[in-house]
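User: I would like to go through this model with some care, taking one question at a time and ending each reply on the value or name that was asked for.

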Amino acid sequence: MLRRSWSYFDGLRQDGTPDAGTLFVAWQNDPRSAFVPVQRRLARTDALARYVVHESSAVFAVPGGAEPGDWVGRALLAP
């Protein structure tokens with residue numbers, strides 16, 4: 001699993017609280033075999049979990065690159 005996080009600060013909300021946080025991105029072959037077990041373990045044992053608010057999540061399929069003369073996604077989409 002290749003992971004990367006980015007901190008962000010987007011100013012203050014109308015109530016004066018900061019609109020800030022961390023965006024966490026992970027690249028992997030199968031989220032069920034890497035990301036999900038890691039997140040479950042963190043939920044059970046991470047002492048910082050009580051301070052974390054999960055806002056949303058998503059999973060995207062990203063095809064590999066293409067060789068010269070080929071096209072992106074052929075291995076996934078072509079018969």
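User: Is Arg32 buried or exposed, and at what relative accessibility?

Analyst: This is a predicted model, so the reply holds for the computed coordinates. The cut-off for calling a residue exposed is a relative accessible area over 50%. Arg32 counts as exposed because its relative accessibility is 66%.

User: Which residue forms a salt bridge with Arg32, and what is the relative accessible area of that residue?

Analyst: The salt bridge of Arg32 is formed with Asp30, and the closest N and O atoms are 3.1 Å apart. Whereas Arg32 counts as exposed, Asp30 is partly exposed. The relative accessible area of Asp30 is 26%.

User: How many salt bridges does a search of the whole structure find?

Analyst: Besides the pair of Asp30 and Arg32, Asp19 forms a salt bridge with Arg13, with 3.6 Å between the closest N and O atoms. The side chains of Asp70 and Arg74 also meet in a salt bridge, at 2.8 Å from N to O. For the whole structure, the search gives a count of 3.

User: Are Asp70 and Arg74 buried, partly exposed or exposed?

Analyst: For Asp70 the relative accessible area is 30%, while for Arg74 the value is 38%.

User: Which element gives the largest share of the lining of the largest pocket?

Analyst: The largest pocket, with a volume of about 1,700 Å³, is lined by 37 residues, and those that lie nearest its centre are Phe24, Phe35, His54, Ser56 and Ser57. Two or more lining residues come from each of strand E1 (2-12), strand E2 (18-27) and helix H1 (35-45). The largest share, amounting to 9 residues, comes from E2.

User: Which element supplies the largest share of the nonpolar patch on the surface?

Analyst: The patch is formed by Leu2, Trp6, Tyr8, Leu23 and Trp27, which together have about 520 Å² of accessible area. One of these residues, Tyr8, lies in strand E1 and counts as partly exposed because its relative accessibility is 38%. Both E1 and E2 supply at least two residues of the patch, but the largest share, 3 residues, comes from E1.

User: What is the C-alpha separation in space between Ser7 and Val72?

Analyst: Ser7 has its place in strand E1, where the residue counts as exposed at 66% relative accessibility. Along the sequence, Ser7 and Val72 are 65 residues apart. Their C-alpha to C-alpha distance in space is 31 Å.

User: What separates the C-alpha atoms of Leu76 and Pro18?

Analyst: Leu76 lies in helix H2, residues 74-77, and is exposed, having a relative accessible area of 63%. Leu76 and Pro18 are 58 residues apart along the chain, and the separation of their C-alpha atoms is 42 Å.

How values were computed: Residues are numbered from 1 along each chain as its sequence is written. This is a predicted model: local features need pLDDT of at least 70, side-chain atom pairs count only at pLDDT 80 or more; totals for chains, interfaces and linings use all residues. Side-chain values use heavy atoms; hydrogens and water are left out. On a 1 Å grid over the protein atoms alone, a cavity is a set of points where a 1.4 Å probe fits but cannot get out, and a pocket is an open set with protein on both sides within 12 Å along at least five of seven lines; lining residues have an atom within 4 Å of a point. Grid points are joined across faces, edges and corners, and a volume is the space filled by probe spheres set on the points. Helices (H or I, at least four residues) and strands (E, at least two) are DSSP runs, numbered from the N terminus. Patches are made of residues with over 30% relative accessible area and no salt bridge: like charges are joined within 9 Å, nonpolar side chains (Val, Leu, Ile, Met, Phe, Trp, Tyr) within 5 Å. Accessible areas come from the Shrake-Rupley method with a 1.4 Å probe; for residues, only the protein chains shown count as cover. A salt bridge is a side-chain nitrogen of Lys or Arg within 4 Å of a carboxyl oxygen of Asp or Glu. Buried means under 20% relative accessible area, exposed over 50%, partly exposed in between (1.4 Å probe, protein chains only).
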